[in-house]
Amino acid sequence: MNLIMHLRINADRVIRLLLLGYLALVFFFIFTPIVTSIIFSFNSERFPTIPLGSFTWKWYQTIYADADVWEAAKTSIVVAISTSILATLIGFCTAYTDFRYQFRGKNSYLVLALLPPTIPLIILALAMLAWFSRLGISGKIWTIVIAHTVLCAPFAMAVIRLRLQQMDPDLESAAWNLGASEWAAMRNIVVPFTKSAIISALCLTMAVSFDEFAVAWFVSGLNKTIPVIILEILQGNIDPQINAIGTFVFVTSITLVIIAQLFFILRSPKQPTHV
Amino acid sequence: MTWRLPVIVWQLLFFVGPLLFMIAMSFFLVKNYRMVEAFEMTSWIKMFGKGYFWDSYFFTLALAAWATIVATCVAFPAAFGLAFKVSDGTRRWIIFLLIIPFFTSYLVRTFSWYVILAESGVINNILGYIGLGPYTMLNTRFGTMVGYMTLTLPLVIILQTLSMANVDKNLIEAAQNLGAGRFQVICKVIIPSAKVGLIIGAVFCFILSFGDFVAPYYLGGSKPPTLSILIIDTTKSGQQWPRAAVVAVMMTTTLMIVAFTAIKLAYSKKT
Amino acid sequence: MSEPQIVFENVIKRFGDTVAVDKMNFSIEQGEFLTIMGSSGCGKTTTLRMLAGLETPSEGEIRLAGKRINEIKPSDRNTPLVWQSLALFPFLNVVENVEFGLKMRSIQSHDRKQRAMKWLERMEISEFANRPVAQLSGGQRQRVALARALVTEPPVLLLDEPLSALDANLVVRMQGVLSRLQKELGITFVYVTHSQSEAFAMADRVVIMSQGLIEQIGTPKQVFREPATRFVAEFVGSNNILTGIISKIENRKLHVDTEIGLVIADQSGHDDLATGNPVDIVISADRLNLYSLDSPDEADSSSNKYRCKLVSEEFIGAIVTLLVETENGTELKIQKQQKDLDKDLSNVNLETGQQLWVSWPGESVYIVPAKQSAKFVSPNSPTCPPTFSTG
């Protein structure tokens with residue numbers, strides 16, 4: 001009996017180690033392309049392979065000197081910022097509606113609001129471009145903003161809804177009860193309470209918009225965004241510029257995501273209870 | 001109503017509107033390289049009559065199905081380890097790490113794989129030192145699958161981990177007390193309890209792979225083209241938008257059937 | 001002519017198909033401490049929320065100071081509520097919480113601060129003014145909630161089970177604070193609770209509700225001694241309730257056949273009862289006496305006297321609660337001051353299973369005509385802990 005227990009415990013340990021090893025392998029697979037791209041962005045060889053060439057800033061200098069990249073970066077930033085504001089606004093409305101109201105057709109409403117991410121981007125891209133052309137508004141920067149907002153609003157909704165979940169539903173009623181109009185309660189209670197989630201949502205939607213290429217590629221017309229530039233370079237020859245741009249985009253997005261996470265995780269620092 | 005109306009109007013105008021218009025567009029005609037609004041089956045008949053459409057259709061379906069099976073199987077041991085073999089704090093950190101890939105350009109990651117898998121790429125160079133290869137990995141199904149995994153694996157692992165971490169630990173202990181072995185616990189307790197999360201992970205994997213054009217194009221060599229590549233080819237290099245719309249409608253319909261069936265399966269009582 | 005400060009007239013509130021409050025009629029005088037009591041789901045909180053404007057009556061009219069308020073928005077009423085959850089704003093500090101009502105009334109920042117501080121001082125929490133509310137103890141938060149509600153100097157304060165989250169010691173202390181505050185301010189308090197001890201300790205009048213209906217309105221003493229319905233008798237947990245039929249009326253005494261035998265009660269106030277009427281008999285637990293079997297008859301002149309055996313004994317402070325079982329198996333509850341019990345049973349060493357006499361005088365028996373109560377007898381009447389104290 002004792003021996004069997006002993007074997008079992010040993011087997012447990014081996015299985016644990018095997019699983020953790022496997023996990024490391026999976027992580028290796030997931031992070032290999034990311035790390036590779038960062039490394040090669042500093043590599044002097046034209047065709048990125050090993051052994052590595054010497055360290056260089058060449059590719060960064062190339063993109064720094066490239067007016068098209070600058071133009072695209074500007075477009076990307078404008079689109080990402082506008083998208084994040086619009087998408088967060090819409091996400092907030094949806095989350096608040098779900099939190100506060102019960103009504104007939106609520107399920108259909110939520111499906112309508114949350115469905116976009118389940119539609120393949122390429123289909124959304126096709127449909128959006130066709131629709132904008134039909135309305136005669138295609139090729140403008142703000143058509144990318146609209147398309148990205150549709151895509152990003154559900155993410156904002158999810159983040160803000162999770163935060164609202166933690167709000168005592170009496171809080172808003174308490175504000176009315178103390179003389180706040182619906183608007184005043186919204187401004188003074190609901191918005192401050194969800195502030196951390198709103199910032200998270202702004203960052204997340206900005207990051208998604210900053211990375212999105214399929215819809216932007218179709219809809220953008222002449223206003224290319226950074227991912228569209230990458231796509232176009234990709235269609236040409238092997239060009240380590242991509243790694244430089246990619247690293248730049250990666251750093252931007254990751255900064256946004258980390259800010260979002262910080263606000264989300266650190267929203268309510270545990271305070272010592274006063275004795 | 002103040003809060004509901006703007007969202008409804010927005011979604012109808014810029015989400016439902018485009019999708020409905022796309023369906024309508026599949027019945028339009030193209031005359032003299034210009035689209036004419038009509039209600040004709042022409043594009044449908046044309047597309048359905050073409051062998052290459054059906055080749056693409058079943059090829060895409062098979063690829064996405066394979067991706068789903070591979071991702072589910074590859075993710076499961078990892079998610080299992082994350083759910084049961086690490087502390088809650090570690091798990092939170094690892095999930096945070098798994099979120100990072102979502103925010104790195106998928107295009108750049110694909111390009112990295114291109115460089116790694118190429119005939120004179122990183123892997124073949126390494127293998128060359130020990131006298132192996134070179135192997136052709138680009139422009140094969142393997143290449144496509146690597147791309148698909150890059151796209152879907154983090155999400156599938158996250159969804160599987162979350163669903164398994166929520167399995168009632170008492171249930172597992174009860175099963176062990178009743179003398180169930182490891183394998184039995186996994187098959188009879190953990191998988192049925194985490195079923196919804198596992199299936200949702202698989203569905204997302206299917207949707208993403210089915211709609212992706214980057215991996216099959218740049219890593220798979222587009223032979224034959226998948227449906228999404230077909231859409232791009234039809235629209236970017238011609239004015240055959242109605243035909244592209246036909247493909248898109250077929251894709252959406254297929255996805256809806258798959259998702260609906262899977263969700264019914266996920267929530268059915270029988271295991 | 002002046003009508004009471006608050007009037008409910010035929011107020012009905014429905015949520016979908018369920019009726020939360022049914023044809024409610026009552027009024028509250030200016031300066032009164034009124035407690036609405038009942039088990040959960042009886043409509044007491046809905047009543048309070050209608051007063052605050054957070055629910056709108058489906059039918060009927062609510063008047064405040066003679067004015068119909070059904071349609072007035074909650075923000076325009078000045079009927080602040082102290083919430084069960086307290087609903088303090090977690091991202092504001094103590095003084096900002098208290099200032100909130102004033103800020104919403106566009107009062108200047110300086111003035112606002114002064115008035116808020118005045119209330120914090122009054123509630124003895126001014127030292128915490130700049131703390132986040134999360135750092136306060138339960139009792140301190142309670143005081144913040146009170147200060148926040150009272151800072152606008154309202155004519156009415158609504159309280160929804162404000163003490164339910166506090167521990168027992170603190171509850172008693174806060175009851176004192178609330179009572180004193182209400183007397184000093186002279187404003188109306190409408191206080192919702194499911195706790196008898198809270199209701200009886202503070203209220204001028206008590207409204208007892210069940211399933212959306214008012215069962216009784218009266219002073220705590222009336223409700224306790226003269227329950228209007230069987231529901232009230234059962235809800236006020238310190239009662240013994242027997243069911244029977246009047247077998248004889250003689251010398252203004254009712255002879256009632258009950259499950260424990262013949263019980264004799266005074267007829268006063270029940271001239272309409274006749275032989276054959278079914279009635280419920282209510283004897284509050286502190287009216288029952290216990291004697292040892294060998295005590296002389298003269299020691300007890302009560303008309304009602306039964307053999308019983310002791311089932312259990314429980315001490316809460318100076319109060320003893322005893323359960324005895326009569327010969328047919330009916331349990332009776334007795335609550336006594338320890339010293340009274342010692343006097344009556346001086347020669348007995350109480351132990352479980354002991355045979356005793358239980359008795360009570362005829363005038364302590366309260367009759368509830370059964371036809372009146374039949375409608376309200378709920379299949380699963382609430383069980384209340386015997387926490388009533390006369391102190």
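**Labels and their grounds**

Me: What makes β9 (residues 205-210) and β10 (residues 213-218) of chain C a pair, and how do they run?
Reply: The model is predicted. In it, 5 bridges join β9 to β10 of chain C, and the two run antiparallel. Pairing needs at least two bridges, so the label holds.

Me: What lies between the strands in the hairpin of β9(C) and β10(C)?
Reply: 2 residues lie between the strands. C:Gln211 takes a positive phi there, near 45°.

Me: How many bridges join β1(C) to β2(C), and what is in the turn?
Reply: 7 bridges join β1(C) to β2(C), and the strands run antiparallel. C:Lys13 has C:Val21 in β2(C) as its bridge partner. The hairpin has 2 residues between its strands, and C:Gly16 in the turn has a positive phi of about 60°.

Me: Why are β2 and β5 of chain C said to stand at the edges?
Reply: Their sheet is open, with 4 strands in the order β2-β1-β4-β5 (chain C) and antiparallel pairing. β2 (18-28) and β5 (67-68) each have a single partner strand, so one side of each has no neighbour in the sheet.

Me: How do you know that β4 and β5 of chain C pair?
Reply: Strand β4 (residues 59-64) and β5(C) share 2 bridges, in the antiparallel sense. The rule asks for at least two, so this pair qualifies. C:Leu64 stands opposite C:Lys67 in β5(C).

Me: Which helix packs on that sheet, and at what angle to β1(C)?
Reply: Helix α1 (residues 44-52) of chain C does, touching β1 (6-15), β2 and β4 of chain C. Its direction makes about 115° with that of β1(C).

Me: What makes β15 and β18 the edge strands in the sheet of 5?
Reply: That open sheet has the order β15-β19-β16-β17-β18 (chain C), with antiparallel pairing. β15 (289-292) and β18 (331-337) each pair on one side only. The twist averages 45° from one strand to the next.

Me: Now the interfaces. Which pair of chains has the most contacts?
Reply: Among the 2 pairs of chains that touch, chains A and B have the most contacts. There, 79 residues of chain B are in contact with 82 residues of chain A. Chain B and chain A bury about 7,300 Å² between them, 81% of it on carbon and sulfur atoms. In chain B, B:Trp3, B:Phe103 and B:Phe111 lose the most area to chain A, together 12% of what that side buries.

Me: Why is the meeting of A:Arg134 and B:Glu37 called a salt bridge?
Reply: The side chains come to 2.4 Å, N to O. The cut-off is 4 Å between a Lys or Arg nitrogen and an Asp or Glu carboxyl oxygen, so the pair passes. The count between chain B and chain A is 2 salt bridges. The interface also has 8 residue pairs in polar contact.

Me: Which helix gives the largest share of the chain B side, and what residue classes make up that side?
Reply: Helix α1 (residues 4-25) of chain B gives the largest share, 15 residues. The chain B side that touches chain A divides into 59 nonpolar, 14 polar and 6 charged residues.

Me: How do you know that chains B and C are not in contact?
Reply: No contact joins chain B and chain C. Their closest C-alpha atoms lie 17 Å apart. Contact requires heavy atoms within 4.5 Å.

Me: What joins chain A and chain C?
Reply: 21 residues of chain A are in contact with 27 residues of chain C. The two chains bury about 2,000 Å², 64% of it on carbon and sulfur atoms. The salt-bridge count is 0, but 5 residue pairs are in polar contact. On the chain A side, α7 (170-177) and α8 (182-193) each supply at least two residues. The largest share, 7 residues, comes from α7(A). That side divides into 11 nonpolar, 8 polar and 2 charged residues.

Methods
Residues numbered from 1 in each chain as written. Chains lettered and ligands numbered in written order. Predicted model: local features only at pLDDT ≥ 70, side-chain atom pairs only at ≥ 80, totals over all residues. Heavy atoms only, no water. Buried area = accessible area lost by both parts, 1.4 Å probe. Polar contact = N/O pair within 3.5 Å; in protein donor to acceptor, adjacent residues only side chain to side chain. Nonpolar A, V, L, I, M, F, W, Y, C, P; charged D, E, K, R; others polar. Axes fitted to C-alpha atoms, helices over the stretch in contact; angles between N-to-C directions.
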